[in-house]
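Colleague: Hi! Could you walk me through this one while I have it open?
Modeller: Happy to, let me put it up for us both.

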Amino acid sequence: MSTAPTFKRLPRAVREQQMLDAAVKVFSRRGFHAASMDEIAEDAGISKPMVYAYLGTKEELFIAALHREGTRMMEAIAAVVGDNLPPDEQLWRGLRAFFGFVGAHRDGWAVLYRQARAEQRFAGELAEMRSRIIEVVAGMLGRAVEARSAHVDRREVREIDLEVMAYALVGASESLADWLADHPQADPEKTATRMMNVAWLGAAQLLAGDTWHPTDP
């Protein structure tokens, strides 16, 4: 009677997630160029030919990992930001989910923010995901303007102001998230609170029509 070990055959979707888990870990640690398919396969506990068969070349594997981490982040935010909530509550919940994701998936954030940004070939993929986030934030700010104008007679905030504000908020949040990724002891929720205070207090003034102008020399 044979004593050879037998292995349970896993569904393709489960096996792919194992490969992506390993890829995210290796890419975040090594960077795209230094990462090897041998190391990714070994970390996933499978053969290198199987990685190629399931997810393609190293570049295709990186894009798949990038998409998965970006989708996870967007889904975490979308799950808590409801259209029926006040704008400040939407922003707060979104920030809390965003920083919570970064705190729980530091390797994923490294792939999204550091590795993908460092490679021109992935710039389009990253820009597309980032533009979706900016669109969501701009829409949130636009609804805040509408809600405020229904109660207070203020000057209209231009669409370009909303877009610029959205870019500023997203950029500042990304920078703070990168700091969080390097400080495992930092509390993601406290980080979200700090960002909310910086972002919303400034945004609230602009949404109310208050703007700063330089004094003439």
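Predicted model: local features only at pLDDT ≥ 70, side-chain atom pairs only at ≥ 80, totals over all residues.

Colleague: Thanks! How many helices and strands are there in the protein chain?
Modeller: The protein chain has 9 helices and 0 strands. Reading from the N terminus, the order of elements is α-α-α-α-α-α-α-α-α.

Colleague: And what share of the residues counts as buried?
Modeller: It is 41% of the 217 residues in the protein chain. As for contacts between residues at least 6 apart in sequence, 73% of them link residues at least 24 apart.

Colleague: Let's look at a helix pair. At what angle do α4 and α5 cross?
Modeller: Helix α4 (residues 58-78) and helix α5 (residues 87-104) cross at roughly 145°, and their axes come within 8 Å. The crossing of α4 past α5 is right-handed.

Colleague: Which residues meet there?
Modeller: From α4 you have E69, R72, M73, A76 and I77, and they meet G94, A97, F98 and F101 of α5. Sorted by class, this contact has 6 nonpolar, 1 polar and 2 charged residues.

Colleague: What is E69 in contact with, leaving aside its neighbours within four places in sequence?
Modeller: With those neighbours set aside, E69 contacts V24, F101, H105, G108 and L112. There is also L20, 49 residues from E69 in sequence, with 9.5 Å between the two C-alpha atoms.

Colleague: What about the span of α6, how far apart are its end C-alpha atoms?
Modeller: They are 17 Å apart. Helix α6 (residues 106-118) has 13 residues, so at 1.5 Å a residue it should span 18 Å, and the two values agree.

Colleague: Nice. Changing topic, which residues of α2 are buried?
Modeller: In helix α2 (residues 37-44) those are M37, E39, I40, A41 and A44. The buried residues of α2 pack against α1 (12-30), α3 (48-55) and α4.

Colleague: And what follows α2?
Modeller: G45 does, and its phi is positive, near 75°. I46 is in the loop between α2 and α3.

Colleague: Is I46 buried or exposed?
Modeller: I46 counts as buried because its relative accessibility is 14%. Apart from neighbours within four places in sequence, I46 is in contact with R15, M19, A41 and V51. The C-alpha atoms of I46 and Q18 are 9.3 Å apart, although 28 residues separate the two along the chain.

Colleague: One more stop, α8. Is S173 buried or exposed?
Modeller: S173 lies in helix α8 and is buried, with a relative accessible area of 8%. Its contacts, leaving aside neighbours within four places in sequence, are L95, F98, F99 and M195.

Conventions: Residues numbered from 1 in each chain as written. Heavy atoms only, no water. Helix = DSSP H or I, 4+ residues; strand = E, 2+ residues; numbered from the N terminus. Expected span 1.5 Å × (residues − 1). Axes fitted to C-alpha atoms, helices over the stretch in contact; angles between N-to-C directions. Left-handed = near helix turned anticlockwise from the far one by under 90°. Contact = heavy atoms within 4.5 Å. Nonpolar A, V, L, I, M, F, W, Y, C, P; charged D, E, K, R; others polar. Buried < 20%, exposed > 50% of the residue type's maximum accessible area, 1.4 Å probe, protein only.
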